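I set out to record two look-ups in this entry.

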Amino acid sequence: MVGIGLHLLLTIPLGLSLVAFHRPHWHPIADLAQTELRVRDVGGRDSPLVGLAGRIGPWTDPGSHPGPLSFWAMAPVYRLLGSTALAFSAAALTLHLTAYAAILWIAHRRGGVRLMVVVAAATVLVARAYGAVVFLEPWNPYLPVLWWLVFLLALWSVVDDDPPMLVVAVVAGSFCAQTHLPYLGLVGASAAAAALVSAYWIWRGREGDPPGARARRVRFVVIAAVVGLVLWAPPLIDQVDGVGNLGRIRESLQEPDQPPVGVRRGAIEVVDRFGVDRWISTQDTAAAPGPADWDPLGLLTLAAWAASAVACWAGAVGPTALRRLHGVLATGIVLALVSSSRVSGELWYYLYLWCIGLAALCLVAIGWTLAQAIDDRLAAGSSRARWRRAATVTPAAVAVALALLLTAAAPGAEPSRPDLSDDLGDLADQTARALHSGAAAGGGDDGRYLVIWDDPVAIGSQGIGMVNELERAGFEVGVDQGQRVGGTRHRVMAPDEATAVVVVAVGPAIATWEQRGLDPGARVAEVDSRSPAQREDAEALATRIDEGLRAEGFDQLADEWRRSVFTAALTPGLSPDLSEDLLAYVDLRSPVAVFVVEPAELAG
């Protein structure tokens, strides 16, 4: 009953956030639309074998994240709830809440109700730090955040000689490693350590082991190996008889396009995520950019953990399980520093989401060590009993308070880009009506529609969203060859295979398509939701970018940046302020229009 109550502390606020998130409707864009397309494919002849497209290899032909486990895991709830956008979001939330249940279960298995309460408080704190959007948007960097905690706790259980937890570690670790590439090294190295520890327990055993203990350990090692092989079968099949994505990942890691950030820069990023002050004061702290230098509170948290670990090991404070937890955390921190030093390119916030979970478990270990030290100094009797009650009630009260903060914030839950989502919904409705009615080219409901996009601002976020929305509406749609990785290869449609082409034009691209001399009826949808003030802000920002580029000697880029704003923002040599201005332009709302044209008109 305590476990159910603790689970509700996260279920209730996130459930309320789900309602607010979809008020009135949410329309997946960008990677989220790509993900829903793959979830929709699960169970058919084109079931996904690899993960979502990522920054792996050349941008013209990128590789994908290791595996499709997240798509397969979301598919049952997605279909059960009607394959809508709401069902898509609910499927992601279900995965997170399942992970939370596993976290509570493992914590109870390791330390009873008291530890379960403490771990629940830490998990709700993590949820507060991430913000509701992390649990409601089925984005691949978001999906593993709680499963990573499951993996760490299961790994600790394996070290503490709990053989069934090896199977849990394999499931949780596979989910993390397949879904988002940054987990691959962390999980792989940790899994190797778990295998060695399991071999140690099989070899040495424990004093007083019951009959059959060694056979039981061997049995769970075999089960874990079989489960791991089954979970990794899809990417292995792809490697043998597909695009060879695992090989591409290996090549990308061995020969990155840009040099790694190095030990110091990587360590700064890790230390910053240990600064817990922002976890409580605000939401969505995970989206904040990393600092330029060391975070004082992050350093203090790591120092406190190190001191508690030394006190635990050297002074034999607490049970053996606590010392083993410190050992697992020490391994995790070393792996975190190594992994962070190997990051290449831009240090996007989502590359370090896992670090917050690691920091939360360090807080648990610090609190447990301190509480155990106090407990050891109290004489048996009423004083120790009162202290133990306080050690349970206090984290429970913290968990309730944090849950109330999450609940209070629930009405404000919204997508990361509500402007693009809302405009896409309007555009998709207009386009679907035009296609259903036969007023546009293509043959109505029986047509085959190639969807392309000309988006110099938002890198095709609404274009792939249109593919997803029209497919949900029942149309047969496809993407061009250049979008085969993001839009899936089986959806590639050549122009001569299509009865019409749906063109999503964003911002400056609208005028480009209008100048083609298209039939007046070709423009079937348009939306410009900007207020006069927003239009003025966009013009002022564009002027500042023009002047800044010319002042810094980027004259050619000043003439071309409007053709690809996001790419321009990543140009080497730009000042940080100018790069931020370009990224701010990406975040602005832009007008969007949809044209439906004959395939032959593409050549014009």
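Entry 1, a serine side chain. I note at the outset that the model is predicted. I began with the side chain of S47, which reaches the backbone oxygen of D41 at 3.5 Å. I then looked up the backbone oxygen of G44 and found it 2.7 Å from a polar atom of the side chain of S47.

Is S47 buried or exposed? I computed a relative accessible area of 15% for S47, so the residue counts as buried, the cut-off being under 20%.

I also listed the contacts of S47, leaving aside neighbours within four places in sequence. D41, V42 and W72 are in contact with S47 on that basis.

I turned to the second largest pocket, for which the volume is about 870 Å³. Its lining comprises 29 residues, and those closest to the centre are V118, G367, W368, A391 and P395.

Which elements give two or more residues to this lining? I found α4 (85-130), α16 (353-377) and α17 (382-409). Of the elements, α16 gives the most to the lining of the second largest pocket, namely nine residues.

Terms used: Residues are numbered from 1 along each chain as its sequence is written. This is a predicted model: local features need pLDDT of at least 70, side-chain atom pairs count only at pLDDT 80 or more; totals for chains, interfaces and linings use all residues. Side-chain values use heavy atoms; hydrogens and water are left out. Buried means under 20% relative accessible area, exposed over 50%, partly exposed in between (1.4 Å probe, protein chains only). A polar contact is a pair of N or O atoms within 3.5 Å; within protein, one must be able to donate a hydrogen and the other to accept it, and residues adjacent in sequence count only if both atoms are side-chain atoms. Contact means heavy atoms within 4.5 Å. On a 1 Å grid over the protein atoms alone, a cavity is a set of points where a 1.4 Å probe fits but cannot get out, and a pocket is an open set with protein on both sides within 12 Å along at least five of seven lines; lining residues have an atom within 4 Å of a point. Grid points are joined across faces, edges and corners, and a volume is the space filled by probe spheres set on the points. Helices (H or I, at least four residues) and strands (E, at least two) are DSSP runs, numbered from the N terminus.
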